[in-house]
Amino acid sequence: MESRDVYRTAAVLVCLALLAGCGAGRNPMGMQAGREVTVTDVNYRIYTGAGNPATLADIVQATEDTDILFIGEGHGDPVGHYLEARILEALHDRYTRDGELQRPLVLSLEMFEQDVQTVLDEYLAGLITERHFLSASRPWPGYQTDYRPLIEFARTNGLPVIAANAPRRYVNRVSRLGPDALDDLSAAAKEWLPPLPYAEASPAYREKFHRFFVDVTGADVFVHDGENGEDA
């Protein structure tokens with residue numbers, strides 16, 4: 001079965017996106033301000049949406065009625081990286097019986113762009129070395145401490161991984177020239193993008209995003225560096 005078919009049938013999807021990063025569960029080390037820090041279960045607390053204390057087991061239990069689990073965090077937060085890996089491991093343990101997964105479990109990360117999916121699949125299948133995987137997949141900074149443990153967990157346990165981000169060169173083109181500029185791309189290039197044309201964000205979503213940005217950063221205006229595309 002091709003990887004894209006596996007993704008369509010996945011029942012449980014751990015999606016590290018939005019403000020995403022990923023990280024170390026069985027290798028509980030992270031990077032913060034250029035130094036290694038040790039993270040354990042005492043470094044985080046879990047609460048429900050109503051503010052009541054909860055546990056990692058509660059998160060796993062909630063996936064019984066859920067197909068997709070989104071996790072958002074700060075890129076430089078080693079505690080968030082650690083917890084993400086703990087969740088992935090706990091889901092794998094929960095849905096494994098006699099060495100076999102009872103529900104499809106797929107990991108999706110924004111840290112890899114969609115046009116390196118083949119490279120990622122080849123590494124997970126053991127067809128290429130890690131050196132060639134990293135040289136061809138444009139991994140984010142901090143890969144060794146933040147992202148590698150998740151990829152290696154997926155590789156060891158035979159889990160598919162989705163490279164979820166649109167290629168940055170096309171994101172940059174939209175930020176410079178607008179979404180209609182994607183029409184000029186070849187059919188092959190458009191394979192790495194959502195179906196076109198995609199709808200504009202609703203006014204309600206734009207307002208919600210603006211409020212969130214202001215609350216988090218303290219800035220009054222959201223400024224996007226469209227020329228360099230470094231934040232896209």
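Trainee: With which residues is A164 in contact, leaving aside its neighbours within four places in sequence?

Mentor: Bear in mind that this is a predicted model, in which local features need pLDDT of at least 70 and side-chain atom pairs count only at pLDDT 80 or more, while totals for chains, interfaces and linings use all residues. Residues are numbered from 1 along each chain as its sequence is written, and side-chain values use heavy atoms, with hydrogens and water left out. Taking contact as heavy atoms within 4.5 Å, and setting aside neighbours within four places in sequence, A164 is in contact with S108, L109, E110, F112 and Q114.

Trainee: Where does A164 lie, and how far apart are the C-alpha atoms of A164 and S108?

Mentor: A164 belongs to strand 10, residues 161-165, where helices (H or I, at least four residues) and strands (E, at least two) are DSSP runs numbered from the N terminus. Although A164 and S108 are 56 residues apart along the chain, the separation of their C-alpha atoms is 6.1 Å.

Trainee: Is A164 buried or exposed, or does it fall in between?

Mentor: Buried means under 20% relative accessible area and exposed over 50%, with partly exposed in between, using a 1.4 Å probe and protein chains only. The relative accessible area of A164 is 31%, so this residue is partly exposed.

Trainee: What is the share of buried residues in the chain, and how many helices and strands are there?

Mentor: Of the 232 residues in the chain, buried residues make up 38%. The secondary structure comes to 9 helices and 10 strands.

Trainee: How are helix 3 and helix 6 oriented to each other?

Mentor: Two packed helices are described by the angle between their axes and the distance between the axes. Here the axes are lines fitted to C-alpha atoms over the stretch in contact, with angles running from 0 to 180 degrees between N-to-C directions. The axes of helix 3 (residues 78-94) and helix 6 (residues 143-157) come within 9 Å and cross at roughly 10°. Angles under 35 degrees count as roughly parallel, over 145 as roughly antiparallel, 65 to 115 as roughly perpendicular and the rest as oblique, and helix 3 and helix 6 are therefore roughly parallel.

Trainee: Which residues of helix 6 make the contact with helix 3?

Mentor: From helix 3, the contact is made by H81, A85, L88, E89 and H92. One of these, H92, is buried, with a relative accessible area of 11%, and touches residues including F153 and N157, not counting those up to four places away in sequence. On the side of helix 6, the residues are D146, L150, F153 and N157.

Trainee: How many residues of helix 3 are buried, and what should its residues span?

Mentor: Helix 3 is largely enclosed by the rest of the structure, because 13 of its 17 residues are buried.

Trainee: At what angle do helix 4 and helix 6 pack?

Mentor: The contact is made by L120, Y123 and L124 of helix 4 (residues 117-124) with I151, E152 and R155 of helix 6. Helix 4 and helix 6 are oblique to each other, their axes lying 9 Å apart at an angle of about 60°.

Trainee: Which peptide bond is cis, and what is its omega?

Mentor: P197 lies in the loop between helix 8 (187-190) and helix 9 (203-217). The cis bond joins L196 and P197, with omega of about -5°.

Trainee: What is the phi of D98, and is this residue buried or exposed?

Mentor: D98, in the loop between strand 7 (96-97) and strand 8 (100-101), has a positive phi of about 50° although it is not a glycine. With a relative accessible area of 84%, D98 is exposed.
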